[in-house]
Amino acid sequence: MIYRWGRICLLAGAASGAVMMATAAANAGGFAIREQSAYGQGASYAGIAAGGALSSMFWNPATMTQMPGIQSEFVLSGILPYSANNPATGTLLAFGGTGNIANATLVPSGYFSLQLNPQLWLGLSLNAPYGLTESFPDRWAGRDYAAGGSHLTTYNAAPSLSYAINNWISVGVGIQFQYADATLTKGIGATATNQAAISGTGWGYGFTAGLTLRPTPATTIGIGYRSAVDQNINGTLALPGGAGFNVPFSTPGSVSTTLDLPDVVSFGIRQKLSAQWTMMGTVEWSNWSRIGTSVVTQANGAPALVLNGLGGGIVTIPFEYKDGWFFSLGAEYQWNDRLALRAGVGYEQSPITDQVRIPVLADDDRTWLSIGATYKLTSALSFDFAYSHLFVKDTPINVVAGNPSFNGTVSYTGSVDSHIDIVSVALKYRWDEPAPKTKMITK
């Protein structure tokens, strides 16, 4: 038993380190990271809040009650995005487009559950739920709204408990501890060296909750909730030297801001049609409209300022998103005792509209096509595999009067061509020995 617990601790430590090293690429509405489950990705996350894998606890902690004994799951997703900015003919400062500015990256996550008694489970999930990594050229047509490198990475730990009230209803709750590291770089003026950068780190806190229902032996329904997190970022505002930027009316130095990240409600259903076939569906709502505009403040609480010969003023990050929605349908086929196959299609309505979009996050509506499989190597060890291709709607950018990010001086219009490929794998292991099946004795 001591040896087994030692192995669990080693795996937990390895997964924790991997998540902490993750640099994520935004791949869901806004800058959320949906790639938290290879099992779920194989069906475009259809039915994921109703269970199916230990990683379902990211969406709904109550699903842990489906995992007996001591179990773990480690997920690694490779995201291969393409996003190229193409300026419109006649755009001011039209030095050309960007080529691909989206960076390929690996996103890991880890899950652990321990059944304490027949009705109570203790669990832990480690994730990178929000992120963005882009590399813009210093000199291009839209550099006033995106220049240099910008990134956001978050690391989230969520200890949780779930309780099986009876055979058909379970509930779960958890606490979120979230760390963030962010840098936003923007051009100021016409020359490549004139860039302002806001960078910092911070913490935010929230909770998770959910329940699962089994109205029939063939039907599982799950509803999960991830609360909003107010991510407090403390760091610095750096301005270029010379050219009138560090004048008394500009305020480089210590600054802070808050990112009001959304709460998310996920609904999932799994319906067994036969011993081989299961149908699945998901509806998810993300409260991105709460993010509004982040105002950057100095250490004394006054607004941070950037003023030069081209104008400027109070430093803000005007997101102004609407709420996001995600819908998906999928199917799973149990080929034999060892192999299960699945596929799914999804559609995501982006929270970023044509009226507020800027080059630094040129998100738009997208369609998911996914395939996946689970292979059970032994009674304790299994693997998940998944591949998805995301078709992103043609994306216009119009940073002109009326767009909250317009600086009042330099406009930018253009379009963005995007698509995304994702490959995910997962290792799942049960650490304890399953209880032997009892045989009915007849006389």
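This is a predicted model: local features need pLDDT of at least 70, side-chain atom pairs count only at pLDDT 80 or more; totals for chains, interfaces and linings use all residues.
Residues are numbered from 1 along each chain as its sequence is written, and side-chain values use heavy atoms, with hydrogens and water left out.

Start with the open space. Everything runs on a 1 Å grid over the protein atoms alone: a pocket is an open set of points with protein on both sides within 12 Å along at least five of seven lines, a cavity is a set where a 1.4 Å probe fits but cannot get out, and lining residues have an atom within 4 Å of a point. Points are joined across faces, edges and corners, and a volume is the space filled by probe spheres set on them. The largest pocket holds about 1,300 Å³. It is lined by 49 residues, with G52, A53, Q66, M67 and P68 the closest to its centre. That lining splits into 19 nonpolar, 19 polar and 11 charged residues (Ala, Val, Leu, Ile, Met, Phe, Trp, Tyr, Cys and Pro are nonpolar, Asp, Glu, Lys and Arg charged, the others, Gly among them, polar).

The largest cavity comes to about 310 Å³. Of its 27 lining residues, A32, Y130, V264, E284 and S286 sit closest to the centre. Strands supplying at least two lining residues each include β7 (169-187), β12 and β20 (339-349); strands here are DSSP runs of E, at least two residues, and helices are runs of H or I, at least four, numbered from the N terminus. By class, this lining has 14 nonpolar, 9 polar and 4 charged residues.

The patch members are I223, V265, F267, V283, W325, F327 and Y347, with about 530 Å² of accessible area together. V265, in β12, is partly exposed at 31% relative accessibility (buried means under 20%, exposed over 50%, partly exposed in between, with a 1.4 Å probe and protein chains only).

Finally, the backbone. Most residues other than glycine have a negative phi. S44 has a positive one, about 55°, in the loop between α2 (38-41) and β1 (70-87), and S44 is buried at 0%. E320 also has a positive phi, near 55°, but E320 is partly exposed at 38%, in the loop between β18 (316-318) and β19.

Terms used. Patches are made of residues with over 30% relative accessible area and no salt bridge: like charges are joined within 9 Å, nonpolar side chains (Val, Leu, Ile, Met, Phe, Trp, Tyr) within 5 Å. Accessible areas come from the Shrake-Rupley method with a 1.4 Å probe; for residues, only the protein chains shown count as cover. A salt bridge is a side-chain nitrogen of Lys or Arg within 4 Å of a carboxyl oxygen of Asp or Glu.
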